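Hi,

Here is the structure I promised to pass on. Have a look at it first, and my notes follow below.

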Amino acid sequence: MALKATIYKAELSIADMDRNYYGTHTLTLARHPSETDERMMVRLLAFAIHANEALSFTKGMFDVEEPDLWQKDLTDAIELWIEVGQPEERRILKGAGRAGHVIVYSYSTASPIWWKNIANKIERAKNVSVVNLPSETTAALEKMAQRNMQLQCTIQDGQIWLTDGTDTVLVEREVWKAER
């Protein structure tokens, strides 16, 4: 018998002073049986960083043809393709060919090894950015994972703060590859 996704609900209030974006999103996240709470929370963080009415979670791990999140325009063209984890170079380049912008959020103590093996293979992709999140940060985010969450995200001067009302996490980002 196949395992089913675990459903998480989040009310995410965002105050992004860097982009002048303010909004509250009621989100439903389907956590694949093989996905960890840590990875799910990184997906939620990626949503918060790029929040937009057109940004949505995809089938992700349930469909290998889709990224974790994407933003499409009214013609169904993919404007933003977001991957979480350590995707293969082929997947990143596929996204680069289909979308205006691709962002990979890597997290894990093994990320530097992954990046060392993949960096020169995706360097030619001008519309790709790779951002690493320290494993201490994502471990703290993982502790916030609840089946029903109320989260607030504040972004100002490049700093990201995520709180659940009890705990607050400062999210530091390390840009390994910037879009050219």
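Let me start with a question: does Asp157 count as buried or exposed? Keep in mind that this is a predicted model. At 68% relative accessibility, Asp157 counts as exposed, because the cut-off for that is over 50%. You'll find Asp157 in the loop between strand S8 (148-156) and strand S9 (159-163). Its backbone is worth a look too: Asp157 has a positive phi of about 55°, although it is not a glycine. Most residues other than glycine have a negative phi. Asp76 is another non-glycine with a positive phi, of about 75°, and it sits in the loop between strand S4 (69-72) and strand S5 (78-84).

Now for the inside. The largest nonpolar core has 39 residues, and Leu12, Met41, Leu44 and Tyr105 have the most contacts inside it. Helix H1 (residues 37-49) gives the most to this core, with 9 residues. If you leave aside neighbours within four places in sequence, Met41 touches Leu141, Glu142, Met144, Ala145, Met149 and Leu151. Apart from that core lies another one, of 17 residues, including Trp81, Val104, Trp115 and Ile122.

Last, a helix pair. Helix H2 (residues 89-98) and helix H3 (residues 111-122) pack at an angle of about 40°, with their axes 10 Å apart, so H2 and H3 are oblique to each other. Their crossing is right-handed. On the H2 side the contact is made by Glu89, Ile92 and Leu93, while H3 brings Trp114, Ile118, Lys121 and Ile122. Those residues divide into 5 nonpolar, no polar and 2 charged.

Cheers

Conventions:
Residues are numbered from 1 along each chain as its sequence is written. This is a predicted model: local features need pLDDT of at least 70, side-chain atom pairs count only at pLDDT 80 or more; totals for chains, interfaces and linings use all residues. Side-chain values use heavy atoms; hydrogens and water are left out. Axes are lines fitted to C-alpha atoms, for helices over the stretch in contact, and angles run from 0 to 180 degrees between N-to-C directions. Helices (H or I, at least four residues) and strands (E, at least two) are DSSP runs, numbered from the N terminus. Angles under 35 degrees count as roughly parallel, over 145 as roughly antiparallel, 65 to 115 as roughly perpendicular and the rest as oblique. A crossing is left-handed if the near helix is turned anticlockwise from the far one by less than a right angle, and right-handed if clockwise. Contact means heavy atoms within 4.5 Å. Ala, Val, Leu, Ile, Met, Phe, Trp, Tyr, Cys and Pro count as nonpolar, Asp, Glu, Lys and Arg as charged, and the others, Gly among them, as polar. A nonpolar core is a set of buried Ala, Val, Leu, Ile, Met, Phe, Trp, Tyr and Cys residues joined through side-chain atoms within 4.5 Å. Buried means under 20% relative accessible area, exposed over 50%, partly exposed in between (1.4 Å probe, protein chains only).
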